[in-house]
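Here are my notes on the model you sent.

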Amino acid sequence: MSAKITINNQHLNELENEAIYVMREIAAQFEKPVLLFSGGKDSIVLVHLAIKAFYPARIPFPLMHIDTGHNFEETLTFRDELAQEVGAQLIVRKVQDSIDQGRATEEKGINASRNKLQTVTLLDAIEELKFDAAIGGGRRDEEKARAKERFFSHRDEFGQWDPKNQRPELWNIFNGRKNMGEHFRVFPISNWTELDVWQYIMRENIKLPSLYYTHHRKAFNRDGVWLAFAPFMQLKPAEKVVDIDVRCRTIGDITCTGLTLSTANTLEDIVSEIAASRITERGGRYDDKRSEAAMEDRKREGYF
Amino acid sequence: MKTVDTLEIEPQRGLLRFTTAGSVDDGKSTLIGRLLYDSKSIFEDQMDQLEESCRRRGKDEIDLSLLTDGLRAEREQGITIDVAYRYYATPRRKFIIADTPGHIQYTRNMVTGASTANVALILVDARNGVLEQTVRHTYIAWLLNIKHIVFCVNKMDLVDYDKSTFNNIRQELDTLVLKLGVEDAHFIPISAKMGDNVVDPSEKMFWYDGPTLLSLLETIEIEKDWEFTSKRFPVQYVIRPQNDAFHDYRGYAGRISGGVFHKGDEVLVLPSQLKSRIKTIDQYKTSLPEAGFGESVNITLEDDIDISRGDMIVCSENPPLIGQEITMMVCWFNERPLQPRNKYIIRHTSSEAKCVIRQIEYKVNINTLEQENDCQQLKMNDIACISIKTTKPLFFDEYRKNTITGSVILIDEATNETVAAGMII
Ligand SMILES: Nc1nc2c(ncn2[C@@H]2O[C@H](COP(=O)(O)OP(=O)(O)O)[C@@H](O)[C@H]2O)c(=O)[nH]1
């Protein structure tokens, strides 16, 4: 299958101009920002935008990966290569260490995931390394709770978000003032949709981990969501591991990243697949299925 | 899997940002839900969630207003409490909706949503006609310099889709629009609940021959609203690679806030008042012959001038106003009132200063649009004209000429909260 695609450049230009403007505001308003790098497409796009925002200088902040230990191996290889290529410092903080130190408790049971535990590791790292702004790839179209996020989103000294008491954000004037110990989360691609991200990746020819393209993998189906199989995962009696052709629409922790049955091998194929899709990318995230307010609850506590 | 042979995305119209205004229960949430639903922007899993929510609330039919209800607190109380952003795209355009709720803090939320909007949708309940709230919403949209206002006369199904009801409301709105001087006003009779004239033309209102709401939004021209005349470039950040390949590179990073800059243009740098010429306009690895409104670029100059964040590169024939005594309209956002002699931090483009409130010139009664003099303090959601003095000169334009170089925010130094939006007059 090969699709011919016309991309609406004008709106991509506008989104890019806005995101670059935000990147530069971050560098100007904060003393120690960090870019949260998950290895997923949104954070890869963030790195690309940061390169463009500061060229010919280097990106003036490090990248940080909060590692659950439950990764797709391809993500880690990709992460290391990208950091090297960009010439950015890469900081890795491990959820396993938080568990070993007794700061976080592993979930039990069949649906156990370290996704939520990342918050502990993330907040500890922000405190330890004294970051005052953490740049994330969150988008308002992803999820209801994210729809109210500001570009510059204030976090109190406990790292918590108070969605009822956010600072009004007017025009393009961002207020990044804060007290000691507080920090900001900043979302330069707030206004992008999933399709915008893919169209942009295609237009800019941005390199992605191979997981995003269709590949052969061992997987099993849980409650209608295809999940990749890894040796540490517990299966329910009725669940069977099979070999199938799949690709990832988002990449996160392996335990909750849903896989899409697909034959898309090129960026063009992926963009047409997304454009024709009738299911959101979050629909395939096991972590959001837990309750209608799952994301909001996690975000209040300080999640990405 | 379905194959798509060609995704035709043309003509290239870029983004349209709009905001919605209306009192509680006028049908804003339903209207947005309807726009998303009928334009097929709702995904299957969102639809499942919606059906589930409706079932749990014991509703038999799908309540589209629940689609846009964001946070848990709202879901529990059944009201929207802040500004939420929604996205949808049709083959012709991409849309960003700033969805603002109608309750007590409404003015603050609407001002916030309106500050980035190209178009305002104002809902009027066909049964109630033009109310004080309608006046207030129209005034705020006008104050924030939204050039295009679309009045949606909603719930037409409850007035039997009656033509004269619509025409009477329209006449009243016409008077209001004329009084304020709104540049471009549109009027559409709709039923958000039934879907008439939202995405699909209404059969019941055969007497209406204008466009549906969606097709109007798809075709409204906003490009001519951009500020192309006077060059304005607030410097955000200075890029100095200091590596071998770019040893002497000194790029001023920023987003063009007015006019079109060309390579070779003579420019004036503020506050130093020094003149120079544009050597290059760089966008990543490309050097551009020119760049216009809204573009994020690096500008390099022929001469070595000391420039930092907060400075502005402008054209010398048509420079901005420079001064420390500034009069502006403000909308007050905070529980702690504004009073003369209070001091605040002022943010204007990329520059920051302190300021003292000299005087409240008058307050606007936003229901009657009358001016009230002798006002000693501003409370949350008040709109007023004030004069201030800043600790250092700002380079600004009137807000109605340039919404970027004409806007400011005030910040309370004690709490770091954004306490006011200001529009320079
Ligand atoms: N009959 C009728 N009811 C409507 C229409 N639009 C909205 N409603 C109802 O009015 C009520 C308030 O609507 P909602 O969208 O929640 O209003 P909001 O407070 O402005 O967001 C709900 O019960 C809707 O079903 C309409 O066009 N016709």
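**Notes on the predicted model**

1. Start with a helix-to-helix pair in chain A. The side chains of E16(A) and K52(A) form a salt bridge, with N to O at 2.7 Å. A salt bridge here is a side-chain nitrogen of Lys or Arg within 4 Å of a carboxyl oxygen of Asp or Glu. E16(A) sits in helix α1 (residues 9–29) of chain A and K52(A) in helix α2 (residues 41–54) of chain A, so the pair ties together parts that are 36 residues apart in sequence. Helices (H or I, at least four residues) are DSSP runs, numbered from the N terminus. Over all chains, the structure holds 35 salt bridges.

2. A word on the basis. This is a predicted model, in which local features need pLDDT of at least 70 and side-chain atom pairs count only at pLDDT 80 or more, while totals for chains, interfaces and linings use all residues. Residues are numbered from 1 along each chain as its sequence is written, chains are lettered from A and ligands numbered from 1 in the order in which they are written, and side-chain values use heavy atoms, with hydrogens and water left out.

3. Chain A has domain 1 (9–196 + 292–301) and domain 2 (210–287). These bounds come from an automatic or database domain assignment. The C-alpha centres of domain 1 of chain A and domain 2 of chain A are 23 Å apart. In contact (heavy atoms within 4.5 Å) are 24 residues of domain 1 of chain A and 28 residues of domain 2 of chain A. Together the two domains of chain A bury about 2100 Å², 54% of it on carbon and sulfur atoms. Buried area is the accessible area (1.4 Å probe) that two parts lose on being put together, summed over both.

4. What ties domain 1 of chain A to domain 2 of chain A in polar terms? The count is 2 residue pairs in polar contact, both residues at pLDDT 80 or more. A polar contact is a pair of N or O atoms within 3.5 Å; within protein, one must be able to donate a hydrogen and the other to accept it, and residues adjacent in sequence count only if both atoms are side-chain atoms. There is also 1 salt bridge between these domains. E74(A) and R217(A) meet in a salt bridge at 3.2 Å, N to O. On the domain 1 side, α3 (73–86), α6 (194–204) and α8 (294–301) of chain A each supply at least two residues. The largest share, 3 residues, comes from α8(A).

5. Chain B has domain 1 (4–219), domain 2 (232–315) and domain 3 (321–424). The C-alpha centres of domain 2 of chain B and domain 3 of chain B lie 30 Å apart. Their contact takes 14 residues from domain 2 of chain B and 10 residues from domain 3 of chain B. The buried area is about 910 Å², and carbon and sulfur atoms give 65% of it. Between these two domains the count is 1 salt bridge. D397(B) and R232(B) form a salt bridge, their closest N and O atoms being 2.7 Å apart.

6. Last, the ligand. A side-chain N or O atom of S29(B) is 2.5 Å from a ligand oxygen. For K28(B), a backbone N or O atom lies 2.8 Å from a ligand oxygen. The side chain of K155(B) places an N or O atom 3.2 Å from an oxygen of the ligand.
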